Amino acid sequence: MNFGDRLDAAIEAAGNPVLLGIDPHLELLPEPFAKAADPSVPRAERADAVRQFGLQMVELAAGRVPAIKPQSAFFEQLGADGVRAFEDVVDAGRAAGLLVIGDVKRGDIASTAAAYARAHLAPVGAGASGTCDAITVNPYLGPDTLEPFADVCDEARAGIFVLVRTSNPESSTFQGFGDPPLAERVARVVHRLGLRHVGDRGISSFGAVTGATHPEQLMRWRRLMPNNFLLLPGYGAQGAGAKDVVDAFLPGGRGALVASSRGISFAYRKDSEGDWKQAASRALDGMIADLRGALR
């Protein structure tokens, strides 16, 4: 199966479309991992604390949601030790039966784009680690930046999620510019290229990132990209709720993933009952129930 088929099957098996983000903000990590934020601690020890937090989040997600989304920047800030920690979390996620979407937001042209794609999606040599099932991609160098990623996706049965309309407050400055808006031009390219990668289940391995913080636009993106998975950041900590994302879905609750990171990982900051992981587990259960109710 290609990535589109695998993701559709994973959502069906889990019974929910939750994408659990793993964003280890150093200053927000629970007390057992607090050394990660201490600059006086050796970098390798700080990276190991981040690794252990990520592995605990994988354990929390396993068997409950279809996929996780580790954010590479929070690992990369700790240098080579952090990159190794990122790869360990990716490997643990896949070993646990989760699909792993690497939030790396890469984007370039020609051979450089292909190298980025191979780095994250295609195993290189024996014992290669850190291979994701899909990654996020920045398309704003032009459509030709997506072709090398598509080629590697075909080789590796992997997927990409192209930034179309992001969830940050000032995204409209660029993405909303022009007539039609730039984001709409990108969406049409994603749909056109994605048609070459539609699997047996009718959904492409090419997806799009469309922020849940712009709920009034989701029906538009679904109409422009009827065969593409939509990845919806912004639930929870950024203010979006389950009712805001309904228009992004295909019939039967298919075709979209709703991402939450801080609202789950750091739920202990608002929920003081029990330890941090119990608080995260309750927050995850709440999100799953919330989405099931909205999509019913």
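Which residue just after α4 takes a positive phi? Gly97 does, with a phi of about 85 degrees.

The model is predicted: local features need pLDDT of at least 70, side-chain atom pairs count only at pLDDT 80 or more, and totals for chains, interfaces and linings use all residues. Residues are numbered from 1 along each chain as its sequence is written, and side-chain values use heavy atoms, with hydrogens and water left out.

**View 1. Helix α4 and its surroundings.**
Helix α4 covers residues 79–95, 17 residues in total. Helices (H or I, at least four residues) and strands (E, at least two) are DSSP runs, numbered from the N terminus. From first C-alpha to last, α4 reaches 24 Å, close to the 24 Å expected at 1.5 Å a residue; the expected span is 1.5 Å times one less than the number of residues. Its buried residues are Gly79, Asp81, Gly82, Ala85, Phe86, Val89, Val90 and Gly93. Buried means under 20% relative accessible area, exposed over 50% and partly exposed in between, with a 1.4 Å probe and protein chains only. The cover over these residues includes β1 (18–22), α2 (43–61), β2 (67–70), α3 (72–76) and β3 (99–106).

**View 2. Ser72 in helix α3.**
Ser72 is found in helix α3 and counts as buried at 3% relative accessibility. Not counting residues up to four places away in sequence, Ser72 touches Phe86, Asp103, Val104 and Arg106; contact means heavy atoms within 4.5 Å.

**View 3. Helix α2 and Arg51.**
The 19 residues of α2 should span 27 Å at 1.5 Å a residue, and the end C-alpha atoms agree with this, being 27 Å apart. Arg46, Ala47, Ala49, Val50, Arg51, Phe53, Gly54, Met57, Val58, Leu60 and Ala61 are buried in this helix. Among the elements that cover the buried residues of α2 are β1, β2, α3, α4, α11 and α12. Arg51, placed in helix α2, is buried with a relative accessible area of 17%. Leaving out residues up to four places away in sequence, Arg51 touches Asp81, Arg84, Ala85, Asp88 and Val89. Gly63 follows α2 and has a positive phi, near 80 degrees.

**View 4. Aromatic pairs.**
A search of the whole structure finds six aromatic pairs. Rings of Phe, Tyr and Trp (its six-membered ring) pair if their centres lie within 6.5 Å; planes under 30 degrees apart count as stacked, over 60 as edge-to-face and the rest as tilted. The ring centres of Phe3 and Phe161 are 6.1 Å apart and the planes stand at 90 degrees, so this pair is edge-to-face. Phe3 lies in helix α1 (residues 3–14) and Phe161 in strand β5 (residues 159–165), so the pair ties together parts 158 residues apart in sequence. Both Phe3 and Phe161 are buried. Phe33 and Trp276 also form an edge-to-face pair, 5.5 Å centre to centre with 85 degrees between the planes. This pair links distant parts of the chain: Phe33 is in the loop between β1 and α2, and Trp276 is in helix α12 (residues 276–295), 243 residues apart. Phe33 and Trp276 are both buried. Ring pairs link Phe33, Phe53, Phe266 and Trp276 into a cluster.

**View 5. Val258 in strand β8.**
Val258 lies in strand β8 and is buried, with a relative accessible area of 0%. Apart from neighbours within four places in sequence, Val258 is in contact with Pro17, Val18, Leu19, Leu232, Tyr235, Val245, Phe249, Met287 and Leu291. Val258 and Leu291 are 33 residues apart in sequence, and their C-alpha atoms are 8.7 Å apart in space.

**View 6. Helix α8.**
Helix α8 (residues 182–194) has 13 residues and reaches 18 Å from first C-alpha to last, close to the 18 Å expected at 1.5 Å a residue. Its buried residues are Ala183, Glu184, Val186, Ala187, Val189, Val190, His191, Leu193 and Gly194. These buried residues pack against α6 (147–156), β5, α7 (172–175), β6 (206–210) and α9 (218–224).
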